[in-house]
Amino acid sequence: MIIDDEILFRPAVEKDAGTLVQLYDQAARWMRKHGIDQWKPGDKDAAHFRSKMREGEVWLAADADGRVCGAYELWWSDEDAWGVQPPVAGYVHRLMVAREVAPAGAGRRLLEHAERRTARTGRERARLDCVSTNPRLLAYYRGAGYRVVGELPNKQGKDGRTYGVILLEKRLDRLSAV
């Protein structure tokens with residue numbers, strides 16, 4: 001377990017898959033309620049999260065009382081959005097915050113944790129994408145030090161849906177010593 005500003009981080013294990021589904025669905029419902037067409041409740045099941053645990057890393061964050069307050073996936077490649085790339089980056093996906101439990105700034109701390117995990121592997125960049133129809137999320141990532149490096153206007157979802165994404169990255173040189 002890693003403690004960061006009163007948030008405890010730990011790798012997710014198989015038994016956490018149901019918790020991750022609930023966290024995803026809560027975040028998806030919040031997005032829909034606020035007019036953000038990005039995630040949809042029910043789109044990610046326990047098998048999805050178990051698969052990501054095997055292929056990369058999934059991290060859970062808990063508050064000082066042990067309540068889950070967020071999670072994220074960290075992948076070591078993302079060919080669907082970025083194409084074939086040399087192993088220089090970690091790819092952050094599904095950054096989720098339990099808004100009713102999470103302390104202020106939890107989303108940023110989750111992102112920083114993912115950046116430190118990536119830097120510890122010797123990789124020099126953190127990358128992510130966000131749907132092009134979500135200017136609020138784009139501004140959030142830019143405020144966290146990410147810069148736009150491209151756009152994929154026709155990303156194909158697993159459900160057959162086509163949508164645009166903005167590709168962002170952050171250099172992690174300063175974190176490699178942490």
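Start by selecting strand β6 (residues 125-131) together with β8: the two run antiparallel and are joined by seven bridges. Strands here are DSSP E runs of at least two residues and helices are H or I runs of at least four, numbered from the N terminus; two strands pair if DSSP finds at least two bridges between them. The model is predicted, with local features needing pLDDT of at least 70 and side-chain atom pairs counting only at pLDDT 80 or more, while totals for chains, interfaces and linings use all residues. Residues are numbered from 1 along each chain as its sequence is written, and side-chain values use heavy atoms, leaving out hydrogens and water.

Within this pairing, pick Val-131, which stands opposite Val-165 in β8.

Strands β7 and β8 pair in the antiparallel sense, over seven bridges. Here Leu-152 stands opposite Val-165 in β8. Follow the chain through the turn: β7 and β8 form a hairpin with five residues between them, and Gly-160 in the turn has a positive phi of about 90°.

Now colour β8 (residues 162-171) by accessibility. Eight of its 10 residues are buried, where buried means under 20% relative accessible area, exposed over 50%, and partly exposed in between (1.4 Å probe, protein chains only).

Stay in β8 and select Arg-171. Arg-171 counts as partly exposed because its relative accessibility is 40%. From Arg-171 to Ala-126 the C-alpha to C-alpha distance is 6.6 Å, although the two are 45 residues apart in sequence. Leaving aside neighbours within four places in sequence, Arg-171 is in contact with Glu-124 and Arg-125; contact means heavy atoms within 4.5 Å.

Move to the helices. Select α1 (residues 17-33) and α2 (residues 46-55), which pack at an angle of about 115° with their axes 8 Å apart. The axes are lines fitted to C-alpha atoms over the stretch in contact, and angles run from 0 to 180 degrees between N-to-C directions. Helices α1 and α2 are therefore roughly perpendicular to each other, the class for angles of 65 to 115 degrees.

Show side chains at this packing. Helix α1 makes the contact with Ala-17, Leu-20, Val-21 and Tyr-24, and α2 with Ala-46, Phe-49, Arg-50 and Met-53.

Technical notes
Parallel < 35°, antiparallel > 145°, perpendicular 65-115°, else oblique.
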